[in-house]
Amino acid sequence: MATVELEVILDLNTLEQYCSAIGAGTLLKSVVLFEQLMPEYVGNLVKANDAADRDTLCSEAHKFKGAAGSVGLKRIQQIAQLLQHGEEPRWEAEHSAWVAEIVEHASADLQQLKLFLQAKA
């Protein structure tokens with residue numbers, strides 16, 4: 001994958017710093033834990049969106065944003081960042097599209113992250 005595309009998906013600066021500080025192998029262990037939790041995170045977003053539960057959706061998006069950011073998943077973190085702010089004027093019109101984007105990209109972005117770290121390990 002081209003570096004430009006990776007820069008959209010991954011927080012390369014943060015990942016390089018993590019790899020220097022703790023090593024790619026150690027970070028990969030955190031990513032595997034995130035991978036185990038991700039279906040629950042995404043499921044909670046979908047469930048809250050389907051129920052039109054703004055408070056829960058914003059709360060779950062906040063948690064997911066932090067978790068995604070902690071492993072360097074930039075695109076997912078940025079979408080969750082938008083989703084967590086239910087008071088924003090464009091939220092009402094766009095929140096369902098943001099949930100759909102997370103559902104669409106989460107697994108593939110996670111796989112790119114794992115490949116990136118495996119190449120560094």
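This is a predicted model: local features need pLDDT of at least 70, side-chain atom pairs count only at pLDDT 80 or more; totals for chains, interfaces and linings use all residues.
Local features need pLDDT of at least 70 and side-chain atom pairs count only at pLDDT 80 or more, while totals for chains, interfaces and linings use all residues. Residues are numbered from 1 along each chain as its sequence is written, and side-chain values use heavy atoms, with hydrogens and water left out.

The protein has 6 helices and 0 strands, taken as DSSP runs (H or I, at least four residues, for helices; E, at least two, for strands) numbered from the N terminus. The C-alpha trace spans about 40 × 25 × 20 Å along its principal axes.

The largest nonpolar core has 37 residues. Such a core is a set of buried Ala, Val, Leu, Ile, Met, Phe, Trp, Tyr and Cys residues joined through side-chain atoms within 4.5 Å, where buried means under 20% relative accessible area (1.4 Å probe, protein chains only). H3 gives the largest share, 10 residues. Leu117 is among the residues with the most contacts inside this core. Beyond its neighbours within four places in sequence, Leu117 is in contact (heavy atoms within 4.5 Å) with Cys19, Ala24, Leu27, Leu28 and Val31.

Helix H6 (91–120) also contributes to the core. H6 bends by about 40° at His105, the angle between axes fitted to the seven residues ending there and the seven starting there.

Technical notes:
Buried means under 20% relative accessible area, exposed over 50%, partly exposed in between (1.4 Å probe, protein chains only).
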